[in-house]
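Subject: The model we talked about

Hi,

Here is the structure I promised to send over. Have a look at it first, and then read on for what turned up in it.

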Amino acid sequence: MNTEFDEVVSLPEKDEVRFRTGAQPAFKARPEMDEALRSTTNSMSSKSIWQRLKDRFLTKSEEVPQEEPVRDCFWKVDIHSHLLPGVDDGVSSWEESLACLKQFAEWGITKVITTPHVSRDYFPNKYYQLLEGQEQLQAMVREHNLPLTIEVAAEYLLDDFFLDLLNKREVLSFGPEKYLLVETAWSSAPLHLSDLIFRIQSAGYTPILAHPERYKYYKDFEAELSRHRDAGCLLQLNAMSLSGKYGDQARRQGKILLKNGWADFIGSDLHRPGDLPRFEKIFSLPEFKELAQQPLRNARLV
Ligand SMILES: [Fe+2]
């Protein structure tokens, strides 16, 4: 089909659009041209034409600014990560640990309480070994002038090894409330979880259940979590559950924690630098704003 608008040969002056149309003269731009242009150029490079016209005619004040999310870990203290190399499935080198810590500092974290796994079967770490790692980590932070303080505690799997350690008081807690970070297996709860919570409290510690939203065994998530919380067990939400790292169920259950105002702590559960982009996503989620409404206790640990 022959069209009177064959090709754009140059960008027009502000009030004039010029096309090469055979002998067609230049003419004034009119509103009705918009529709004509749209219908006659859509099989050509109409998109780039409109982009170029828009660029040409939109003044700076008419452009819609892109809003950058604020990347600020306002809770200041991260209480769950795996940043001691060689003791669990977390970072594999000091360089990886340093990369994670630098990023944390840039996002406003001022204190990192890192929490290597402790369990009988996979990571039977002793407290004194972990404390040696704490010194090395602190030395590295000093050497690189990072504005961070470092502590090492642990994430205890609720197995019989943990009960031995608890009985001997060979556990690493943190904060004035003597918080103990504990986890369960993914797919089956330990028998008598309520009893274990009570035993931890009786030994003088305050239990924090790590990432309850990640466990898959609940029959009634809300009812069971409500019961634990009423019994004095605090709950720690993983930030990356909200950005979908652990799948739909964890994300859904994480949102239930937020809806009820049950996030006593937020934690990164960072294992490696490769987790950082997923973590960064939380800053642009709607749930990020909801975090500010939670009873987070992180900042009390500064
Ligand atoms: Fe963890």
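Let me start with a term: two strands pair if DSSP finds at least two bridges between them. Helices and strands themselves are DSSP runs, numbered from the N terminus, with at least four residues (H or I) for a helix and at least two (E) for a strand. With that in hand, six strands form an open sheet with parallel pairing, in the order β5-β7-β8-β9-β10-β11. Its edge strands are β5 (117-118) and β11 (265-267), each of which pairs on one side only.

Before going further, please keep in mind that this is a predicted model: local features need pLDDT of at least 70, side-chain atom pairs count only at pLDDT 80 or more, and totals for chains, interfaces and linings use all residues. Residues are numbered from 1 along each chain as its sequence is written.

**Confidence and overall make-up**

pLDDT is the predictor's confidence in each residue, from 0 to 100. The mean for the protein is 85, and 78% of its residues reach 70 or more. The stretch to be careful with is residues 1-47, where pLDDT stays under 50. Where pLDDT is low, the predicted coordinates should not be read in detail.

The protein has 11 helices and 11 strands. I call a residue buried if 20 or more other C-beta atoms lie within 10 Å of its own, exposed if 12 or fewer do, and partly exposed in between, with C-beta atoms placed from the backbone. By that count, 30% of the 302 residues are buried. Two residues are in contact if their C-beta atoms, again placed from the backbone, lie within 7 Å. Of the contacts with a separation of 6 or more, 75% are between residues 24 or more positions apart.

**Around β9**

Strand β9 (residues 206-210) pairs in the parallel sense with β8 (residues 179-183) over four bridges, and with β10 (residues 234-238) over three bridges. On the β10 side, L209 stands opposite L235, and A210 is partnered by Q236. Four of the five residues of β9 are buried, so the strand is largely enclosed by the rest of the structure.

Helices link these strands too. A crossover is right-handed if, with the strands pointing away from the viewer, the path from the first strand over the helix to the second runs clockwise. β8, helix α6 (residues 193-202) and β9 make a right-handed β-α-β unit, and β9, helix α7 (residues 221-230) and β10 make a right-handed one as well.

In α9 (248-260), the buried residues are A250, Q253, G254 and L257. They cover an arc of only 105° around the axis, which puts them on the same side of α9; the arc is that of the directions from the helix axis to the C-beta atoms. An α-helix has 3.6 residues a turn, so residues three or four places apart point the same way. What covers the buried residues of α9 includes α7, β10 and α8. D248, R252 and K259 are exposed on the other side of α9. After the helix comes G261, with a positive phi near 70°.

Where does K245 sit? K245 lies in the loop between α8 (239-242) and α9. K245 is partly exposed, with 18 other C-beta atoms within 10 Å. Leaving aside neighbours within four places in sequence, K245 is in contact with M240 and R278. R278 is 33 residues away along the chain, yet the two C-alpha atoms are separated by 7.0 Å.

**Helix α3 and the other sheet**

Helix α3 (residues 94-106) has S97, C100, L101 and F104 buried. These fall within an arc of 95° seen down the axis, so they line one face of the helix. They pack against β3 (77-78), β4 (111-114), α4 (127-143) and α10 (276-280), while E95 and E106 are exposed on the other side of α3.

Two of those neighbours, β3 and β4, belong to an open sheet of three strands with parallel pairing, in the order β3-β4-β6. β3 and β6 (149-152) are its edge strands. Two bridges join β3 to β4, and V77 stands opposite K111 in β4.

Happy to go through any of this together.

Best wishes
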